[in-house]
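Welcome, and take your time with the view below. The paragraphs that follow walk through it one region after another.

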Amino acid sequence: QIQLVESGGGLAQAGGSLRLSCTVTGSIFSLNAMGWYRQVPGKERELVADSTRSGGAGYAASVKDRFAISRDNAKHTITLQMNSLKPEDTAMYYCAVDHWDGKAGSSSMYWGQGTQVTVSS
């Protein structure tokens with residue numbers, strides 16, 4: 001069973017910074033893409049940033065140049081450094097991973113429980 005344990009988040013003022021971390025535990029075979037999503041009530045969940053196994057990264061236009069995703073394959077961990085925060089960054093942030101099960105020959109998405117980020121103006 002794959003589990004994602006998130007930490008970080010909380011309350012920040014506009015212009016401030018927060019750091020989110022996510023560690024994957026369990027019977028890990030291979031982790032493909034890992035990323036962070038966010039969701040506000042009444043809206044669809046959106047991709048914030050993701051990281052490929054080889055280290056490539058992608059960002060939503062709204063966070064590019066402010067957020068940075070990093071990945072440690074050995075520790076099965078990703079972090080999201082969020083700088084120059086804006087009130088519109090307020091959301092529930094979810095960690096997600098595409099896990100490849102070599103025995104089953106298939107991949108599945110797993111999600112963390114979410115961590116709240118609130119940015120005050």
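Keep in mind as you look around that the model is predicted. S8 has strand partners to explore. With S3, S8 pairs in the antiparallel sense over six bridges, and within that pairing Leu 20 has Leu 80 of S8 as its bridge partner. S8 also pairs with S7, again in the antiparallel sense and over six bridges. Here you can find Phe 67 standing opposite Met 82 of S8.

Now follow the chain through the turn that links S7 and S8. This hairpin has four residues between the strands, and one of the residues to look for is His 76. His 76 is found in the loop between S7 and S8, and its phi is near 55 degrees, a positive value in a residue other than glycine. Is His 76 buried, exposed or partly exposed? With a relative accessible area of 27%, His 76 is partly exposed.

Asp 65 is not a glycine, yet its phi is positive, at about 75 degrees. You will find Asp 65 in the loop between strand S6 (57-59) and S7. Asp 65 is exposed, because its relative accessible area of 77% is over the 50% cut-off.

Which residues have the most contacts inside the largest nonpolar core? They are Trp 36, Val 48, Phe 67, Leu 80, Met 82 and Tyr 93, in a core of 26 residues. Several strands each supply at least two residues of this core, among them S1 (2-8), S3 (18-26), S4 (30-39), S5 (46-51), S7 (67-72), S8 (77-82), S9 (91-101) and S11 (115-120). Val 48 gives you a view of these surroundings: leaving aside neighbours within four places in sequence, Val 48 is in contact with residues including Trp 36, Phe 67, Leu 80 and Tyr 93. Val 48 is also in contact with Tyr 37, Arg 38, Gly 58, Tyr 59, Ala 60 and Val 63.

Next, look for Thr 115, which lies in strand S11. Thr 115 counts as buried because its relative accessibility is 11%, under the 20% cut-off. A polar atom of the Thr 115 side chain lies 2.9 Å from the backbone oxygen of Gly 8. Not counting residues up to four places away in sequence, Thr 115 touches Glu 6, Gly 8, Gly 9, Leu 20, Ala 91, Met 92 and Tyr 93.

Val 40 lies in the loop between S4 and S5 and counts as partly exposed, at 27% relative accessibility. How far apart are the C-alpha atoms of Val 40 and Gln 116? They are separated by 9.9 Å, while the two residues are 76 residues apart along the chain.

Arg 45 lies over the face of Tyr 94, at 3.7 Å from the ring centre. Arg 45 also lies over the face of Trp 111, where the distance from the ring centre is 4.7 Å.

Terms used: Residues are numbered from 1 along each chain as its sequence is written. This is a predicted model: local features need pLDDT of at least 70, side-chain atom pairs count only at pLDDT 80 or more; totals for chains, interfaces and linings use all residues. Side-chain values use heavy atoms; hydrogens and water are left out. A nonpolar core is a set of buried Ala, Val, Leu, Ile, Met, Phe, Trp, Tyr and Cys residues joined through side-chain atoms within 4.5 Å. Buried means under 20% relative accessible area, exposed over 50%, partly exposed in between (1.4 Å probe, protein chains only). Contact means heavy atoms within 4.5 Å. A polar contact is a pair of N or O atoms within 3.5 Å; within protein, one must be able to donate a hydrogen and the other to accept it, and residues adjacent in sequence count only if both atoms are side-chain atoms. Two strands pair if DSSP finds at least two bridges between them. A charge sits over a ring if NZ of Lys or CZ of Arg is within 6 Å of the ring centre and within 35 degrees of the ring normal.
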